[in-house]
Amino acid sequence: MRSLDIAATGMIAQQRNVEVVSNNLANMNTTAFTRRRTEFHDLLYQNLRRVGSTSSNAGTVVPSGVQLGLGVKLAAVYRIHEQGNLTATDNTFDLAVQGKGLFEITLPTGEAAYSRDGTFQLNANGEIVTHDGYPLQPGITVPDNAVDVTINAAGEVLVKIEGQVNLSNVGQIQLTTFPNEPGLEAIGDNLYLETPASGNPTSGNPADTDFGSILQGFLETSNVNAVEEISNLISAQRAYEMNSKVIQTSDEMMGTLNQLR
Amino acid sequence: MENTSLIAMSKQSALNQKMAILANNLANMNTTGFKGEKVMFVEHLQQSKGGHGILGDKLAFVRDIATVRDFSEGPIKTTGNPLDIALQGDGYLVVQTDLGDRYSRNGHLRLDETGQLVNQQGLPILAEGGPIIFSPQDTDIIIARDGTVSSENGEIGKLRVVSFENEQKLEVISDGLFSSEETPTPVENPGVVQGMLEGSNIKPIFEMSRLIETQRAYEGVRKFIDSEDERIKNMVRELGKPI
Amino acid sequence: MNALEIASRGMMAQQVNVEIVANNLANMNTTAYVRRSAEFQDLVYNNISRPDTSGSKAGALVPGGIQAGHGVRVAGITLNNEQGSLKATGNPFDLAVQGGGYFEISLPSGDPAYTRDGTFQLNAAGELVTHDGYPLSQGIVVPAGTSDVTINLTGEVWVKIAGQVDLANVGQIQLFSFINPAALEAQGNNMFTATTGSGEASPGVPGGAGYGSIQQGYVESSNINPIREVASMVAAQRAYEMNSKVVKAADEMLAPSK
């Protein structure tokens, strides 16, 4: 019976749906996490009787035909890059981006990765690095004798050196934007890689037109909306149950058939 | 032997034939790409010796004339396996055997030890330039709707999908393979779907009802033969009694 | 034509009915999926005794006659194109149509396809494409260096280009309507193609007479009502069982008398 296979595709699809929603909910408190949404597409149709075919010699046309669907499939899981909320942490090296753009990080392999997670710290050499120790690009080093570090909205890193009145500028943080941010590949640890789908990176100074500005002492929270996700979870679960009812019914009908003799 | 017995026997042997076909159909309920069969019966009229019977001059015997294969499309189900393909619409895949090209709708494929695309019996599936061979660097296999097989390293070949003028002339060999004397023509717009398989086109409901009919008919004929047998025995006994 | 054959056809028709319900329920969360329902038709009738034949020498006509039917079959599976409810996603490229009309997509073969699924994204060149990578036939391109894309109710695409104060119009999304959308042929992937039965696609500006408006940041949910589907399924199962009882009865009737 087709309905068994159809319902199976439905249950598998809803299972994926629940997995994506659970991942969203699990990462509700992950800095700068972007929520995902599942997109389902119906599968092929088999023509038992072609739509629009003629039904008689007089040329009368079959209006709807008999097209039987074969179920559902997961077409895409895409990220929704909406700005998350900002939360104050008062850490000197916690930076949040308000607007478009990602920080560029250099991976140990030399490859460039991108991130919205602005939780940085200083390593033993005074370089600004992520919590995994990967340096921020362009490399910025804070001198040992710095008393205070201020990072303004334009990303300039200004330090107060002991004994000096004026602040000295030790570097300029840059942001990178892409034509299609959802096309970036997520590799975990809040890092993304460039792909052919994302388009080429464009770097620039924060607070310039088309780049976001940097807020020191703040972090961007995830853009997961708990209420929306719970309602998605409930609808996924209901759909899963409905499909399992179809399997039950098909099973009973096949049982009826077997009891004919 | 009496005509009645002969007529009944012809019916019985026809029913046996029908049962055998039914059993084969039901046995192949879950065979990928299986096409069910039906028997066609015809009356065989013979001149009746010995005068005018109630039915006129002719006696009708039952003779099975041919089996008709149902080539309608079976239900297509999703398996998610990248080497499973289903053909939506007309067409057959071309399989290379030692005895020449054979044809099949069974798209449950795998790779052999040389990376060649083969069916479950290890026979290669042919593309337009010969068999399809994957290298160890090909991990992502994509088969497009028109039959083009490619991997992340580029296009490898285009599967041959062919059709026949007269499908009823296809001879079934074994393992879902058909052979034909006719030269097939390539299908213009093939519908090759990756990750799905075509099931058997047997409709269990109809096979069950035919099973019931056949079995009841068989019982009916048997009872008829038995009662005829009784009648003849009685006749012999009665007529043969000394007066 | 015997009861056995008729009852088997009845069971087959109910099986197709369940298959349709199964596909509906599997697609409960598919964007803009429309529910299908089966059209049953009774089969040809044999006139064992024609209506209005005379019943006696006196010439009295028997109005009823005796007509034996041959069972049922599924004559068609109809699309029930009711509007699905809109769900907010917050994605600027998720568009829902409130009202009538379809988006027109260009397939790689060059042929047009129509869909109500308005979940788009930008490809590397900034073109507005579906999740399968097929572009809108109007060819909307968002230039690089834009921050905000606003698509209003009438389908105009406005972007904020760096350095400019005013928003720039980069295109107009059109909607296409059909005389008989129930006769569109489904191709899977939430797409349809036109047929002789549906009529030609006629383009129009969203929000105009006969065309719906475009809602940015929303998707149209499927119009499946699970309660109705489960009820259909239960009814189909009961009908299946009743037909199977007829099969059993016919079986017993065919049994030769002892």
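Modeller: Gladly! Bear in mind that this is a predicted model. Let's start between chains: 10 residues of chain B and 11 residues of chain C make up the contact. On the chain B side, five of the residues touching chain C are charged, three are nonpolar and two are polar.

Colleague: How is chain B divided into domains?

Modeller: Domain 1 of chain B takes in 3-71 + 202-239, and domain 2 covers 76-198. Where these domains meet, domain 1 of chain B contributes seven residues and domain 2 of chain B nine. The domain 1 side of that contact has three nonpolar, three polar and one charged residues.

Colleague: And chain C, where do its domains run?

Modeller: In chain C, domain 1 is 3-81 + 224-254, while domain 2 is 86-220. Their C-alpha centres are 40 Å apart. Here six residues of domain 1 of chain C contact nine residues of domain 2 of chain C. On the domain 1 side there are four polar and two nonpolar residues, with no charged ones.

Colleague: What is the average for chain B?

Modeller: The average pLDDT of chain B is 84, and 89% of the residues score at least 70.

Terms used. Residues numbered from 1 in each chain as written. Chains lettered and ligands numbered in written order. Predicted model: local features only at pLDDT ≥ 70, side-chain atom pairs only at ≥ 80, totals over all residues. Domains from an automatic or database assignment. Contact = placed C-beta atoms within 7 Å. Nonpolar A, V, L, I, M, F, W, Y, C, P; charged D, E, K, R; others polar. pLDDT = per-residue confidence, 0-100.
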